[in-house]
Amino acid sequence: TLVRPSACHPLRYPLRRPLSTASSSSTAPSSTSVVAGSRADSTFGQHVAALAWPERWRLAGGFALLAGSSVISLVFPKAVGEAMDVCLSGDGYWTPARAAGALCALFTVQSVMIGLRSLTLTAAGESISASLRRRTFRSLLNQELAFFDVTRSGELLSRLSADTQALQKVATTHSVAAARGAIMVVGCVGMMCKISPALCAVGL
């Protein structure tokens with residue numbers, strides 16, 4: 001026999017929200033969504049900091065090498081100009097061969113610092129990614145069976161692969177690019193002020 005739906009048999013899925021309400025909520029976000037977004041950002045920052053804290057010494061060493069190589073990049077053009085002026089002035093000690101050797105040594109030091117920085121930050125990023133994978137996999141093992149009935153396996157695999165790689169880039173690649181950009185901007189502005197404060201003020 002067929003059973004007719006009645007009041008004692010509620011709908012399994014809720015009714016769809018009216019179009020007017022959906023459009024108004026999409027066009028004008030409420031203060032609750034803004035607060036939730038800020039809390040999510042702070043939680044994400046706390047998670048990243050917790051994952052990066054065990055690798056703090058590697059990250060500190062990598063950023064120190066980054067600062068050193070960036071300073072050499074800023075000083076290198078000035079050093080080349082000074083070497084040419086000393087060689088043309090007729091100083092007995094600084095010959096063109098010695099000046100070229102000093103510049104090559106400076107360039108070699110910069111190359112070694114860049115290589116060590118890449119090695120250190122890559123190792124730190126891989127360690128952070130592996131720690132995140134372990135935590136995510138441990139959390140998946142502690143879930144109930146009902147969780148896997150409502151969650152797609154592709155989404156779980158994406159959490160273990162793509163999201164960990166994205167977090168690794170945030171903790172290493174993007175942070176290094178931001179730090180290098182900040183150092184270069186501050187260094188360039190400082191050198192411009194040292195050469196000619198008036199022209200630096202006009203340029204800024």
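Is Phe-107 buried, partly exposed or exposed? Phe-107 is partly exposed, with a relative accessible area of 46%, where buried means under 20% relative accessible area, exposed means over 50% and partly exposed lies in between, using a 1.4 Å probe and protein chains only.

Before I go on, please keep in mind that this is a predicted model, in which local features need pLDDT of at least 70 and side-chain atom pairs count only at pLDDT 80 or more, while totals for chains, interfaces and linings use all residues. Residues are numbered from 1 along each chain as its sequence is written, and side-chain values use heavy atoms, with hydrogens and water left out.

Let me stay with the aromatic rings. Rings of Phe, Tyr and Trp (for Trp, the six-membered ring) pair if their centres lie within 6.5 Å, and planes under 30 degrees apart count as stacked, over 60 as edge-to-face and the rest as tilted. By this rule there are two aromatic pairs. Phe-76 and Phe-107 form a tilted pair, with 6.4 Å from centre to centre and 55° between the planes. Phe-76 lies in helix 3 and Phe-107 in helix 4, so this pair ties together parts that are 31 residues apart in sequence; helices here are DSSP runs of H or I with at least four residues, numbered from the N terminus. Phe-76 is also partly exposed, at 26%. The other pair, Phe-147 with Phe-148, is edge-to-face, at 5.4 Å centre to centre and 80° between the planes.

Phe-147 brings us to Thr-151, whose side chain reaches the backbone oxygen of Phe-147 at 2.9 Å. Thr-151 sits in the loop between helix 5 (145-150) and helix 6 (153-160), and Thr-151 is buried, with a relative accessible area of 17%.

The buried residues of helix 7 include Leu-167, Ala-171 and Gly-187.

Definitions and conventions. Helix = DSSP H or I, 4+ residues; strand = E, 2+ residues; numbered from the N terminus. Polar contact = N/O pair within 3.5 Å; in protein donor to acceptor, adjacent residues only side chain to side chain.
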